[in-house]
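The stops below are given in the order to select them.

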Amino acid sequence: MESGCKTYIGIDPGYAITGYGIIRKQGTKLSVVDYGAITTKAGVDFPLRLLAINEKIRNILDIYNPDYMSIEELFLYHNTTTAIGTAQARGVVILEAARKNIPVYEFTPGQVKLAVTGYGKADKKQVSMMVKSLLGLKEMPKPDDVTDALAMAICLANTGTAFSGKAVSGYQYGRYGYSKRNEFG
């Protein structure tokens, strides 16, 4: 790989659909490497759905060996069951990044929208159009989870780590005023 070239993977986690997008940045130029969706079927035992996500993410990380991962920070859902399932899918993705020693950074949807469109309250169509434009894509990636994952990767590639924090699940040290260091490392 060229000097100064970095590879970023963005993840939009979910237990039904986990979107992923892999981009490269050389200087200020962004290029798409790959993108897609990991899907699991309703009715399949939940542990098997998580295992499928885990195995597919492991394979993707083995193939592309990204330098950094960005993932959406969880926000409060109205449906707690959905939030818990999404958090578990997010966890198996982060676990695989940890196995490969890939730093994981999290962003809120507003941070991603701001970094990609310049407006923190942009709608999905505006984000999609900018992802398409910034990456020189001929068509919009589908489903929306894939576009969101590419936007996550663009956000980290263009803003760096100063705009976000390492993934801490919102309650660990450093995120919301709790200053105690990680006791395990």
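**From a covered strand to a helix**

Start with β2, a mostly covered strand in which seven of the ten residues are buried. The model is predicted, so treat each stop as a feature of a prediction.

β2 and β3 run antiparallel and are joined by ten bridges. Here T18 stands opposite I38 in β3. The hairpin between β2 and β3 has two residues between the strands, and G27 in the turn has a positive phi of about 65 degrees.

Then select helix α4, residues 124–135. At 1.5 Å a residue, its twelve residues should span 16 Å, and the end C-alpha atoms are 16 Å apart, which agrees. Show the side chains of V127, S128, V131 and L135, which are buried. Viewed down the axis of α4, the buried residues fall within an arc of 100 degrees, so they line one face of the helix. An α-helix has 3.6 residues a turn, so residues three or four places apart point the same way.

What do the buried residues of α4 pack against? They pack against β2, β3, α3 (109–117) and α5 (144–159). Turn to the face directed away from the buried side to find the exposed residues K125 and S133.

Finish at the ends of α4. D123 caps the N-terminal end, with a side-chain oxygen 3.1 Å from the backbone nitrogen of K125. After α4 comes G136, whose phi is positive, near 65 degrees.

Definitions and conventions. Residues are numbered from 1 along each chain as its sequence is written. This is a predicted model: local features need pLDDT of at least 70, side-chain atom pairs count only at pLDDT 80 or more; totals for chains, interfaces and linings use all residues. Side-chain values use heavy atoms; hydrogens and water are left out. Helices (H or I, at least four residues) and strands (E, at least two) are DSSP runs, numbered from the N terminus. The expected span of a helix is 1.5 Å times one less than its number of residues. Buried means under 20% relative accessible area, exposed over 50%, partly exposed in between (1.4 Å probe, protein chains only). The arc is that of the directions from the helix axis to the C-beta atoms. Contact means heavy atoms within 4.5 Å. A polar contact is a pair of N or O atoms within 3.5 Å; within protein, one must be able to donate a hydrogen and the other to accept it, and residues adjacent in sequence count only if both atoms are side-chain atoms. Two strands pair if DSSP finds at least two bridges between them.
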